[in-house]
Amino acid sequence: MKNTHDTKLIFELSKPGCRGAVLPACDVPSPDGGCDASDWLPADALADAPPALPEVTEPQVVRHFVNLSQQNMSVDTHFYPLGSCTMKYNPKRNERAAAMPGFNEVHPYQPEETIQGMLEMLYELQEILNEISGLDACCLQPAAGAHGELTALLVAAAYFKDRDFKDRGEHRTKVLVPDNAHGTNPASAAMAGFDTVTVKTNPDGGVCMEDFRAKLDSDIAVFMITNPNTVGIFESNMQELADEVHAHGGLIYLDGANMNAILGITRPGDWGRAGTGGADMQHYNPHKTFSGPHGGGGPGAGPICVVEKLAPYLPAPMVVKKETGYSLDYDRPKAMGRVRAFFGNTGVLLRAYCYLRTHGPEGLKEVSENAVLNANYLLAKVKHFLPVPQGGRCMHEFVASASKLKSERGISAMDIAKRLLDYGYHAPTVYFPMTVKEAIMVEPTETESKETLDAFAETLFRITEEEAELLHDAPHTTTISRPNEVQAARNPCLSCR
Amino acid sequence: MPYIYNTPEDQQAMLAAIGAASIDELFESIPDELKLNRALDIPPALGELELEQHVRELAGKNLHAGNAVSFLGGGSYDHFIPAAVDAIAGRSEFYTSYTPYQAEVSQGNLQAMFEFQSMITRMTGLEIANSSLYDGGSATAEGVLMAIDTTRRRGQVVVAGTLHPEYRETIETYLHNLGVEVVTIGPENGTIPVSAITSAMNDQTACVVLQHPNFFGALEEAQAIATAAHNAGALVVGVFDPISLGLLHRPGDWGADIAVAEGQSLGTAMSYGGPVLGILACGKKLARRLPGRIVGQTTDRRGKPCYVLTMQTREQHIRREKSTSNVCTNQALFALRATIYLSLLGPGGLRDTADLCLRKSRYLAKRLTSAGRFEMAFDAPTFKEFVVRDKENNVEELISAAASQGLLAGVPLGRWYPELADCFLVCVTEKRTKAEMDRLVEFLEIGAATTNTDELVAARI
């Protein structure tokens with residue numbers, strides 16, 4: 001059934017003279033009597049020929065790419081228990097909304113009076129995100145979660161510069177990051193010009209308070225925390241962490257990757273002791289929590305919410321509501337600069353808005369309740385044959401370990417992941433967090449049925465009973481077997497010559 | 001809830017298997033005092049039909065390139081998107097898949113990304129491209145960081161004042177806390193004089209950032225500027241318009257070491273500026289400093305050629321604070337759209353598109369400036385955009401009045417260039433027809449003769 005001809009590289013399908021698109025004839029008279037480009041543009045700026053793109057027809061293009069598509073797993077076709085990635089169902093109604101020309105064909109520099117519907121949607125989204133986080137001001141500009149991290153850290157830097165540096169000449173240089181955090185956290189801190197200080201975590205994934213206190217001093221700018229953490233546990237010392245960071249004049253940043261566990265249940269802004277405040281800033285991953293499709297790696301969006309005192313430093317523009325209508329506020333003298341061109345990833349934000357409006361307060365809470373129920377159910381089924389070091393309960397995801405299988409039978413987390421592909425399941429996240437040996441990180445999400453979870457657990461069990469040799473060489477039924485990654489990295493072939 | 005399968009019976013059975021009495025019990029690790037204990041104060045849930053009616057109403061309040069005639073550019077363009085782009089990219093297997101970390105079940109995405117990288121190398125004349133970044137602005141900033149890292153010159157970067165103002169601001173933001181100065185070279189008559197670049201260079205200049213054609217649509221003396229930068233030991237970050245490459249020299253050919261672009265023109269909707277497509281390419285010796293994901297060709301265990309994410313030791317999930325960038329999520333779907341778009345157009349289609357943009361924009365420029373009120377602001381040759389000066393210095397009102405007639409006439413420049421407050425940027429893509437351009441000219445001429453809004457409305461074309 002596999003079509004090997006049409007899935008050759010598109011360049012190999014090229015035949016001179018073929019075309020998939022024909023442009024209309026020019027309908028304007030040639031100004032100034034010119035007849036080709038060299039009559040209007042300097043000859044030394046012109047290329048001899050256009051780039052060597054493939055020459056193919058529309059049917060060929062369609063058959064090529066549709067055949068390629070069939071070599072992918074996707075949420076619409078398979079269960080994707082990919083820990084940390086929240087691969088939930090992507091509602092079709094959101095796609096229809098995003099495809100409306102009234103959103104899709106709007107130019108970023110249109111006059112405000114011509115985009116009132118767009119601005120209204122964005123304003124309402126800002127308000128909803130503030131309420132979910134328990135924070136005060138929202139910036140929709142960042143293009144992805146990591147971009148939101150970077151933006152928030154630059155906001156923090158601008159705040160400290162304005163406040164501490166001016167008043168006391170203090171210069172805060174450190175960002176504390178737990179050792180089981182996503183790699184984007186320390187990478188964003190470095191990009192924002194901070195020194196990263198790694199804080200140890202306990203076996204349950206929680207922050208090691210002793211190490212935290214040893215590293216906490218008045219140089220701290222920001223403590224970045226993921227909560228629920230990357231092993232799927234709610235941080236038991238959250239209030240102490242928030243209080244102590246605040247007592248040292250630092251800020252708490254919440255990596256919002258795991259918001260799917262806590263919507264309408266607890267709010268990051270409320271995580272301090274009464275009256276002292278919790279998280280000061282957080283990002284959302286609308287392409288995870290609020291169901292934006294991943295598109296093979298993107299687009300995402302990374303809106304951030306912050307407490308009142310940080311609001312003046314958010315990049316311009318923000319959407320504001322006035323008596324005369326909605327407007328873009330550029331008059332923000334303390335704002336750090338923009339982190340990209342144009343307003344933000346509006347198309348992704350619109351899908352998030354649709355998702356939030358579809359759920360309402362009760363619906364969002366049900367999302368988290370069922371995400372946590374599904375994860376705990378799967379955990380209960382799996383832990384008997386695949387140990388889960390962090391214990392008996394979890395939030396929206398858990399991290400099992402193949403460590404015992406590895407030492408006893410030589411079966412690795414990677415073997416299990418690859419064998420799952422044969423059975424029609426996307427692999428869980430493996431080898432993350434690095435603090436768990438042979439980690440297998442499972443996040444079922446709320447949009448999977450009990451029947452799917454039962455079948456997945458049964459398959460996982462069956463795999464642990466299979467011959468080690470069979471697993472080492474898995475997958476056996478996919479388009480390709482395991483790729484030689486060493487060769488790919490050592491002798492990079494990154495484009496078709 | 002529409003997307004949850006668990007029935008109350010399922011929930012009870014699952015709780016029993018877990019050994020929990022209630023769903024609330026599953027949340028007992030969260031201290032009670034941290035719980036919200038009230039409903040979120042957000043609007044109530046809408047059904048699908050109500051949602052559709054609501055968003056349709058919101059969409060109906062917006063003018064857009066479908067119900068208005070758009071002459072807006074400045075980095076986001078109303079180019080034609082063939083139907084096959086939507087049909088293919090809308091397939092669930094592309095649309096709802098994750099980042100292709102599991103290569104065995106992602107060969108479709110990986111091969112398409114490899115084809116994208118290959119097309120970008122052919123478009124730019126450089127050897128290596130990554131598989132996308134967020135947008136043109138952040139891609140430019142990443143290119144600058146690469147140049148600083150490569151040259152180990154941390155004194156300054158020299159940025160053309162004719163670079164997109166929001167790209168310039170993004171560079172400044174990215175460099176703000178890194179101790180590298182951003183020196184902006186002001187334009188003269190709409191372009192950057194080579195001599196100004198030469199005199200701005202010193203032995204700590206990491207790079208020169210040049211957009212060609214520039215933000216004003218004008219062609220720079222790109223090759224001479226690149227030479228001036230190279231003579232001072234700096235790299236060149238070249239910002240290009242992919243459509244212009246149907247006619248113009250590729251950035252690698254005029255001397256760019258790192259080429260970056262906004263790729264929205266290549267088959268992606270404007271969508272109010274995002275999500276769009278950041279493109280970044282460079283020479284081979286800079287490969288290990290590239291940000292973002294890269295796909296490479298290799299073989300599988302049975303010797304079969306295949307594709308895989310590679311050179312991951314540059315990336316944040318391996319290298320953490322020592323990575324080349326914090327980028328994780330990218331814009332894969334739009335890289336796919338660009339690959340489909342460029343496959344459909346081919347070299348001939350790209351050349352024809354560029355040629356139509358050039359001819360039509362020349363036609364409109366000629367007609368607009370033949371009336372008394374408007375003149376071309378600059379003398380340099382332009383590609384598909386040009387800057388018009390309103391001698392009556394009433395740009396904002398004119399643009400607003402035009403919008404009320406369904407004409408998105410141009411982008412006022414005063415916000416970024418106070419000295420150009422009497423100017424606006426006009427863009428003409430291959431989609432604009434003679435009738436549409438004539439209508440714009442007619443309206444602007446009437447607008448020139450009329451100051452009364454009622455009369456403007458009465459004169460509706």
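**Working through the predicted model**

Colleague: Is A:Glu465 buried or exposed?

Modeller: The relative accessible area of A:Glu465 is 54%. Under 20% is buried, over 50% is exposed and what lies in between is partly exposed (1.4 Å probe, protein chains only). With its 54%, A:Glu465 therefore counts as exposed.

Colleague: And which helix is A:Glu465 in?

Modeller: Ground rules: residues count from 1 along each chain as its sequence is written, while chains are lettered from A and ligands numbered from 1 in the order written. This is a predicted model, where local features need pLDDT of at least 70, side-chain atom pairs count only at pLDDT 80 or more and totals for chains, interfaces and linings use all residues, and side-chain values use heavy atoms, without hydrogens or water. Helices (H or I, at least four residues) and strands (E, at least two) are DSSP runs, numbered from the N terminus. A:Glu465 falls within residues 450–465 of chain A, which is helix α12.

Colleague: How many Å separate the C-alpha atoms of A:Glu465 and A:Phe385?

Modeller: Along the chain, A:Glu465 and A:Phe385 are 80 residues apart. Between their C-alpha atoms, the separation is 9.5 Å.

Colleague: On to chain B: how many Å separate the centres of domain 1 and domain 3?

Modeller: Chain B is divided into domain 1 (8–57), domain 2 (69–79 + 347–458) and domain 3 (83–341), with bounds from an automatic or database domain assignment. The C-alpha trace of the chain spans about 85 × 60 × 50 Å along its principal axes. Taken over C-alpha atoms, the centres of domains 1 and 3 of chain B are separated by 43 Å.

Colleague: What share of the residues in chain B is buried?

Modeller: Chain B has 16 helices and 15 strands. Of its 461 residues, the buried share comes to 67%.

Colleague: How are α6(B) and α13(B) set relative to each other?

Modeller: Helix α6 (residues 107–124) and helix α13 (residues 332–370) of chain B have axes that come within 9 Å and cross at roughly 50 degrees. Those axes are lines fitted to C-alpha atoms, for helices over the stretch in contact, and angles run from 0 to 180 degrees between N-to-C directions. Under 35 degrees is roughly parallel, over 145 roughly antiparallel, 65 to 115 roughly perpendicular and the rest oblique. That makes the setting of α6(B) to α13(B) oblique.

Colleague: How many residues of the contact of α6(B) with α13(B) are nonpolar?

Modeller: From α6(B) come residues including B:Phe116 and B:Met119, and from α13(B) residues including B:Leu336 and B:Leu342, with contact meaning heavy atoms within 4.5 Å. Ala, Val, Leu, Ile, Met, Phe, Trp, Tyr, Cys and Pro count as nonpolar, Asp, Glu, Lys and Arg as charged, and the others, Gly among them, as polar. Two of the contact residues are polar and one is charged, while the nonpolar ones number 11.

Colleague: What does α1(A) do against α6(B): how are they set to each other?

Modeller: Helix α1 (residues 58–69) of chain A packs on α6(B) at an angle of about 135 degrees, with the axes 7 Å apart. The two are therefore oblique.

Colleague: The peptide bond from B:Gly274 to B:Pro275: cis or trans?

Modeller: B:Pro275 lies in the loop between β7 (258–262) and β8 (278–282) of chain B. B:Thr268, in the loop between β7 and β8, touches B:Pro275, among others. Omega from B:Gly274 to B:Pro275 is near 0 degrees, and the bond is cis.

Colleague: Last one: what is the relative accessible area of B:Val428?

Modeller: B:Val428 is in the loop between β15 (423–427) and α15 (434–449) of chain B. Beyond its neighbours within four places in sequence, its contacts include B:Phe71, B:Leu364 and B:Phe386. B:Val428 is buried, with a relative accessible area of 0%.
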